[in-house]
Amino acid sequence: MTSDSDRDWYSPENATFGDRVAGAREAAGMTQPELARRLGVKLSTLRGWEDDVAEPRANKLQMLAGLLNVSLTWLLNGEGDGVAAPEEAGEISPGVNDILSEIRDVRGQMNRLTSRLGLLEKRLRTALKEEA
């Protein structure tokens, strides 16, 4: 069970989905290759999840929560049963917190732009087929 300070460490303001996956994997004593194998996914796929450049499908998300012994809700938003904050973690300075926040914002913008680009490419393919 997580304490209040652990919830703060893994809260949406302080941690991403990937941070929680990596933290829970480390707390479970698993390596990336081991977890990827147990999930039946490529190592690059798991790394994408931990780096917040991709997200698992629902079935893999449920398996992930089970293998890591955390709740699905905790993986998604840091609430519920999860893992304790890393012991060596100290107080994060406001400057570092600001940088982390900006990184999360940029990552979110990149994900939205990637989705938008995908939709534009699909529209272009459709338009080209209609012209042919």
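In which loop is Asp-52 found? Asp-52 sits in the loop between H4 and helix H5 (58-68), with helices taken as DSSP runs of H or I of at least four residues, numbered from the N terminus. The model is a predicted one, in which local features need pLDDT of at least 70 and side-chain atom pairs count only at pLDDT 80 or more, while totals for chains, interfaces and linings use all residues. Residues are numbered from 1 along each chain as its sequence is written, and side-chain values use heavy atoms, with hydrogens and water left out.

Asp-52 has a phi near 60 degrees, a positive value in a residue other than glycine. At 12% relative accessibility, Asp-52 counts as buried (under 20% relative accessible area, with exposed being over 50% and partly exposed in between, for a 1.4 Å probe and protein chains only). Asn-69, in the loop between H5 and helix H6 (72-77), also has a positive phi near 60 degrees. Asn-69, though, is exposed, at a relative accessible area of 69%.

Next come the helix pairs. Helix H3 (residues 32-39) packs on helix H4 (residues 43-50) at about 110 degrees, with the axes 9 Å apart; axes are lines fitted to C-alpha atoms over the stretch in contact, and angles run from 0 to 180 degrees between N-to-C directions. H3 and H4 are therefore roughly perpendicular (65 to 115 degrees; under 35 is roughly parallel, over 145 roughly antiparallel and the rest oblique). On the H3 side, Gln-32, Pro-33, Leu-35, Ala-36 and Leu-39 meet Leu-43, Leu-46, Arg-47, Trp-49 and Glu-50 of H4, contact meaning heavy atoms within 4.5 Å. By class, these residues come out as 7 nonpolar, 1 polar and 2 charged (Ala, Val, Leu, Ile, Met, Phe, Trp, Tyr, Cys and Pro being nonpolar, Asp, Glu, Lys and Arg charged, and the others, Gly among them, polar).

H3 also crosses H5, at roughly 125 degrees, with axes that come within 10 Å. H3 and H5 are therefore oblique to each other. Leu-35, Arg-38 and Leu-39 of H3 make this contact with Lys-60, Met-63, Leu-64, Leu-67 and Leu-68 of H5. The H3 and H5 contact has 6 nonpolar and 2 charged residues, and no polar ones.

Then there is Arg-25, in helix H2 (residues 17-27). Arg-25 is buried, with a relative accessible area of 8%. Leaving aside residues up to four places away in sequence, Arg-25 touches Met-30, Thr-31, Gln-32, Leu-35, Leu-46, Glu-50 and Leu-68. A polar atom of the Arg-25 side chain lies 3.0 Å from the backbone oxygen of Met-30.

Technical notes: Helices (H or I, at least four residues) and strands (E, at least two) are DSSP runs, numbered from the N terminus. A polar contact is a pair of N or O atoms within 3.5 Å; within protein, one must be able to donate a hydrogen and the other to accept it, and residues adjacent in sequence count only if both atoms are side-chain atoms.
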